[in-house]
Each structure stands twice: as C-alpha cells, then as structure tokens.
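Keep it short, and give the cut-offs behind each term.

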Amino acid sequence: MKKVKFDIQGMTCSSCQAHVEKAVKKLNGVKNVEVNLLSNNMKVEYDENTLDNEDIIKSVIDAGYGARVFKKESEDKKNSNTNKEELKNMKKRLITSICLLIPLMYIAMNHMFYMWFKIPVPSFIKSLLHGTKNALNFAVAQFILLIPIMFVNRNYFIIRI
C-alpha cells in the first residue's frame, strides 16, 4: 500500500469535498481516502500495483476539480504567495461588492428605509420604481445594478481546473 498526498483545487463547500472523495473511492485499488476542505488536500492510500497517481488525478479532474501531487518545500513558498495574492483579491472583490450593493439595497428597499429609519426617498425613484405599474422598471433597475456585482465575483461561479 502506498500513501500519497494531493493538492485539490476548486473545492468551495462540503458537497465538493464529498464529491471528490466519492470519485476517488470508486477507483479499484483505493483503500482509504481523506479529503480536507480547509487545507484543500487529499490523502489517498492505494495499491500501487493497481493504480498510480495519474489515475487518481484523472478521477478528480473528471469530477470537475483540479489535482496535483503535493510537494513540500519549494511549492509551499509558491503556494503561500499564491494564497496571499488570492486573499488580497478576495478582499478587493468584497469591498467592491459592498460598494455596489449599497445602491442596489437602497433601490430594492427604499420604502423600508423610509418607514424604519426615516431616510427620504427621492421623488424620481418613487415615480419610476414604486407601485405595481412600475414593477418591470423596478426589476430591470435591480438587475442592472446586480450585473456588476456578479461580474466582479465571476470567479466564484467558474470551476478552475
């Protein structure tokens, strides 16, 4: 039996973790699989006469995720820099999303802001977006304000392999 550690890319939730684990467990010769979502890695114990690393990586890729054999020293420095850059990008996306969300929330909830906090609503918003006769305008305005938020966070919807 051989034990190998793999880096997994693209997992975002426990369902992803279970999907990767299930895909690798299906392979003949696999004895034990442990997938860790927080550290994005997987430990596999398998029979090296039946399987090799490439078969396991292919199984993970076929499941819709990325995989590679874990390398210690030189890769750790590279991964650390990559993780720092990714965290920096996530922070920028969060701040941008919040800034874009404020006008969207104001348009969508202006009547509640007025009732609860007595924040005045401009008359053009009331005349263009309030009431059943302006329901389509209301929906289109929210959709137009939502597009930039989704564009900024498009990486969340894309599976990287």
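## Basis

This is a predicted model: local features need pLDDT of at least 70, side-chain atom pairs count only at pLDDT 80 or more, and totals for chains, interfaces and linings use all residues. Residues are numbered from 1 along each chain as its sequence is written, and side-chain values use heavy atoms, leaving out hydrogens and water.

## Strand pairing

Strand 1 (residues 2-9) runs antiparallel to strand 3 (residues 41-46), with six bridges between them. Lysine 2 has tyrosine 46 of strand 3 as its bridge partner. Strand 1 also pairs antiparallel with strand 4 (residues 66-69), through four bridges. There, glutamine 9 stands opposite glycine 66.

Two strands pair if DSSP finds at least two bridges between them. Helices (H or I, at least four residues) and strands (E, at least two) are DSSP runs, numbered from the N terminus.

## Salt bridges

Side chains of opposite charge can pair when their charged atoms come close. The whole structure holds four salt bridges (a side-chain nitrogen of Lys or Arg within 4 Å of a carboxyl oxygen of Asp or Glu). Lysine 25 pairs with glutamate 21, closest N and O atoms 3.3 Å apart. These two are four residues apart in helix 1 (residues 14-25), so about one helical turn separates them. Lysine 58 and aspartate 62 meet at 3.0 Å, N to O. They also sit four residues apart, in helix 2 (residues 53-62).

Glutamate 45 and lysine 31 form a salt bridge at 3.9 Å, N to O. This pair links distant parts of the chain: glutamate 45 in strand 3 and lysine 31 in strand 2 (residues 30-36), 14 residues apart. Glutamate 45 is buried at 16% relative accessible area, whereas lysine 31 is exposed at 58%. Buried means under 20%, exposed over 50%, partly exposed in between (1.4 Å probe, protein chains only).

## Aromatic pair

There is one aromatic pair. The ring centres of tryptophan 116 and phenylalanine 117 are 6.3 Å apart and their planes lie at 85°, so the pair is edge-to-face. Pairing needs centres within 6.5 Å; planes over 60 degrees apart count as edge-to-face, under 30 as stacked, the rest as tilted.

Alanine 108 lies in helix 3 (residues 73-117) and is buried, at 17%. Its contacts (heavy atoms within 4.5 Å) include Phe138 and Gln142.

Valine 140 is in helix 5 (residues 135-152) and is partly exposed, at 40%.

Methods
Phe/Tyr/Trp six-rings, centres within 6.5 Å; stacked < 30°, edge-to-face > 60°. Lists of a residue's contacts leave out its neighbours within four places in sequence.
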